[in-house]
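User: I'm new to this one and would like to find my way around. Can we go through it step by step?

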Amino acid sequence: MAAWVEGRVIERIEWTPTLLSLRVEAELAPYKAGQFTKLALEQGERRVQRAYSFVNPPGTPYHEFYLVEIPGGELSPSLGSLQVGDGLLVQSQATGFLTLDEIPPGRDLWLLSTGTAIGPFLAMLAEGQVFDRFEHLVLVHGVRKGEELSYQPLIASFAEQHGERFRYVPFVSRETWPEAMAGRIPAAIVDGSLQARVGLNFSPELSQVMICGNPAMVKETQQTLLGLGLAKNLRRAPGNISMENYW
């Protein structure tokens, strides 16, 4: 049973009225980019907990979590109301297999995400080993509204540092937004518009794809990629598609 430790909020970053990031100080066991832990608050006699991925790379002096406040939610509104100096509980041992050491070799790495599920991919990109392993990195982020395209300065820093090796493609489904593709990620793979945007194709020989998002998006994107000849990545049978539901 993983132990819980006391954490303290040291910074709030408010992206929209319902999207924010919390930077937390806590003594945690070492973890890998792409992993997640659990945050919790005591509510009366109950401890309410939920899994959140680390947005920061390992080795930073804080742990950063990206969350959406869900109206009527059991935990997220309470987390969203935390201010600098407030305490919370953090599970000390991280978990999760959406990590670079689980990914077979390839030339191109596609990171496909929706909503707050971009978090683990930002951690991997900031940590930097993906750029040693892959020639081309593509970060795709789907949201409903353009204001939800957060972490723009961090994403721009990857482009500045790595140039044409890094490509960022935002998707906005419910309004027109500058530089963003319209609609949904799986449909853009089916019609080839995503591949055309970045100048790369999905290939069983060259591509590794990591998917993190809501279960419907993960399932539909996986099915779309299977239709293009890619295979699910399993430890006993390495393939191209690694995924994690993020809800």
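User: Where does Tyr-151 lie?
Analyst: Keep in mind that we're looking at a predicted model. Tyr-151 lies in the loop between E8 and H4.

User: Is Tyr-151 buried or exposed?
Analyst: Buried means under 20% relative accessible area here. Tyr-151 has 6% relative accessibility, so Tyr-151 counts as buried.

User: And what is phi of Tyr-151 near?
Analyst: Most residues other than glycine have a negative phi. Tyr-151 isn't glycine, yet its phi is positive, near 60 degrees.

User: Glu-179 has a positive phi too, I gather. Where is the place of Glu-179, and is Glu-179 buried or exposed?
Analyst: Phi of Glu-179 is near 70 degrees, again in a residue other than glycine. You'll find Glu-179 in the loop between E9 and strand E10 (181–182). The cut-off for exposed is over 50%. With a relative accessible area of 64%, Glu-179 is exposed.

User: Which residues touch the most other members of the largest nonpolar core?
Analyst: That core holds 33 residues. Three of them touch the most other members: Leu-125, Leu-139 and Phe-166.

User: Which element gives the largest share of this core?
Analyst: The largest share is five residues, and it comes from H2.

User: Zooming out, how many helices and strands are there in the protein chain?
Analyst: The C-alpha trace spans about 50 × 40 × 35 Å along its principal axes. Within the protein chain, the count is seven helices and twelve strands.

User: What radius of gyration does the protein chain have, against that of a compact globule?
Analyst: For 247 residues, a compact globule would come out near 18 Å. The protein chain agrees with that, at 18 Å.

User: What percentage of the residues is buried?
Analyst: The accessible surface comes to about 11500 Å², with 51% of it belonging to carbon and sulfur atoms. Burial is a separate figure, counted over the 247 residues. Buried residues make up 51%.

User: How far apart are the mean positions of the positive and negative charges?
Analyst: The protein chain has 21 positive and 27 negative charges.

Methods:
Residues are numbered from 1 along each chain as its sequence is written. This is a predicted model: local features need pLDDT of at least 70, side-chain atom pairs count only at pLDDT 80 or more; totals for chains, interfaces and linings use all residues. Side-chain values use heavy atoms; hydrogens and water are left out. Helices (H or I, at least four residues) and strands (E, at least two) are DSSP runs, numbered from the N terminus. The radius of gyration is taken over C-alpha atoms; the globule rule is 2.2 Å times the number of residues to the power 0.38. Buried means under 20% relative accessible area, exposed over 50%, partly exposed in between (1.4 Å probe, protein chains only). Accessible areas come from the Shrake-Rupley method with a 1.4 Å probe; for residues, only the protein chains shown count as cover. Lys and Arg count as positive and Asp and Glu as negative; His and the chain ends are not counted. The place of a charge is taken as NZ of Lys, CZ of Arg, CG of Asp or CD of Glu. A nonpolar core is a set of buried Ala, Val, Leu, Ile, Met, Phe, Trp, Tyr and Cys residues joined through side-chain atoms within 4.5 Å.
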